[in-house]
Amino acid sequence: MPDDRWAEFTAAGFTARNALEVVLGVGTFTLSTLANRLTAAELDPPLAPFAWRREEVAP
C-alpha cells in the first residue's frame with residue numbers, strides 16, 4: 001500500500017491490526033468457499049431453505 005494511502009487509513013482511526021484482520025477475513029472466506037465447492041459440501045439443514053437455485057429459462 002502506498003504511504004499516502006496508509007496515512008489515510010491510519011488517520012481514519014484504523015490500525016495495522018485492522019488491516020491484517022481484513023486480509024485474514026478475505027483469505028478465510030476465499031479458502032472456505034473453494035473447499036466447499038471442490039468437495040460439493042451440502043448446506044446445513046437450517047440454511048437449506050435459503051440456498052440459491054438457478055431458474056430454468058424456457059428457450
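## Basis of the model

This is a predicted model, in which local features need pLDDT of at least 70 and side-chain atom pairs count only at pLDDT 80 or more, while totals for chains, interfaces and linings use all residues. Residues are numbered from 1 along each chain as its sequence is written, and side-chain values use heavy atoms, with hydrogens and water left out.

## Overall form

The chain contains 2 helices and 0 strands, these being DSSP runs numbered from the N terminus (helices H or I, at least four residues; strands E, at least two). Its radius of gyration is 19 Å, well over the 10 Å that the globule rule gives for 59 residues, so the chain is more spread out than a compact globule; the radius is taken over C-alpha atoms, and the rule is 2.2 Å times the number of residues to the power 0.38.

Of the 59 residues, 0% count as buried, where buried means under 20% relative accessible area, exposed over 50%, and partly exposed in between.

In helix H1 (residues 3-11), Arg5 and Glu8 are 3 residues apart, about one helical turn, and their side chains meet in a salt bridge at 3.7 Å, N to O. A salt bridge here is a side-chain nitrogen of Lys or Arg within 4 Å of a carboxyl oxygen of Asp or Glu.

Trp6, Phe9 and Phe14 form one aromatic cluster. Phe9 and Phe14 are a stacked pair, 5.1 Å centre to centre with 25° between the planes; rings of Phe, Tyr and Trp (its six-membered ring) pair if their centres lie within 6.5 Å, and planes under 30 degrees apart count as stacked, over 60 as edge-to-face and the rest as tilted.

## Helix H2

Helix H2 has 24 residues that should span 34 Å at 1.5 Å a residue, and its end C-alpha atoms are 35 Å apart, which agrees; the expected span is 1.5 Å times one less than the number of residues. Within H2, Arg17 and Glu21 lie 4 residues apart and form a salt bridge whose closest N and O atoms are 3.3 Å apart. Arg17 counts as exposed at 63% relative accessibility, whereas Glu21, at 43%, counts as partly exposed.

Just after H2, Ala40 takes a positive phi of about 50°.

Methods
Buried < 20%, exposed > 50% of the residue type's maximum accessible area, 1.4 Å probe, protein only.
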